[in-house]
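This report describes one protein chain for a reader who has not seen it before.

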Amino acid sequence: MNRVDLIAHVEEISALRYSPSGLPVVECRLIHESEIEEAGIVRKVYLNLKSKAVGILAEKLIRQPLHTPFLFKGFLASGTNSKSVIFHIHSYQTVS
């Protein structure tokens, strides 16, 4: 199973563009920072993740303020050059 739940904020977002099939697409960078225990020690975690949203979700995400934390849900896939990973966002919601 390839499913990712991540609390992060949008650091930067591209202009809305359209795929060859006419679907709206935005690409963005998500930033996640947290602390987690690993092998008995607390570790600081920082993640800068290339991401994208398609369809109505792209149109909604582009209107959200930057630096606001959200819970993003989606999956990971190889980028076009297969040397990078892209997080494909399926949904997001505000974090309280």
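## Strand pairing

β1 and β3 run antiparallel to each other and are joined by four bridges. Two strands count as paired if DSSP finds at least two bridges between them. Helices (H or I, at least four residues) and strands (E, at least two) are DSSP runs, numbered from the N terminus. His 9 has Ile 31 in β3 as its bridge partner.

Strand β2, residues 17–18, also pairs with β3 in the antiparallel sense, over two bridges. Here Tyr 18 stands opposite Pro 24 in β3. The two strands form a hairpin with five residues between them, and Gly 22 in the turn has a positive phi of about 95 degrees. β3 pairs with β4 as well, antiparallel and over 14 bridges; Ile 36 has Arg 43 in β4 as its bridge partner.

## Basis of the model

The model is predicted: local features need pLDDT of at least 70, side-chain atom pairs count only at pLDDT 80 or more, and totals for chains, interfaces and linings use all residues. Residues are numbered from 1 along each chain as its sequence is written, and side-chain values use heavy atoms, with hydrogens and water left out.

## The chain as a whole

The protein chain has one helix and six strands, in the order β-β-β-β-α-β-β along the sequence. Its C-alpha trace spans about 50 × 30 × 25 Å along the principal axes. The accessible surface is about 6,600 Å², and 53% of this belongs to carbon and sulfur atoms; accessible areas come from the Shrake-Rupley method with a 1.4 Å probe, and for residues only the protein chains shown count as cover.

Of the 96 residues, 31% are buried. Buried means under 20% relative accessible area, exposed over 50%, and partly exposed in between (1.4 Å probe, protein chains only). Among contacts (heavy atoms within 4.5 Å) between residues at least 6 apart in sequence, 52% join residues at least 24 apart.

## The nonpolar core

The largest nonpolar core has 17 residues, and those that touch the most other members are Leu 30, Ala 53, Leu 61, Phe 72, Phe 87 and Ile 89. Such a core is a set of buried Ala, Val, Leu, Ile, Met, Phe, Trp, Tyr and Cys residues joined through side-chain atoms within 4.5 Å. Two or more residues come from each of β1 (4–13), β3 (24–38), β4 (41–54), α1 (56–61), β5 (69–78) and β6 (85–94). β1 gives the largest share, four residues.

Cys 28 is in strand β3 and is buried, with a relative accessible area of 5%. With the same exclusion in sequence, Cys 28 touches Val 10, Ile 13, Leu 49 and Leu 61, among others. Cys 28 and Ile 13 are 15 residues apart in sequence, while their C-alpha atoms are 4.2 Å apart.

## Loop residues with positive phi

Most residues other than glycine have a negative phi. Ala 39 is not a glycine, yet its phi is positive, about 55 degrees. Ala 39 lies in the loop between β3 and β4, a hairpin with two residues between the strands. Ala 39 is exposed, with a relative accessible area of 79%.

His 67 also has a positive phi, near 70 degrees. His 67 is placed in the loop between α1 and β5 and counts as partly exposed, at 47% relative accessibility.

Note on methods
Lists of a residue's contacts leave out its neighbours within four places in sequence.
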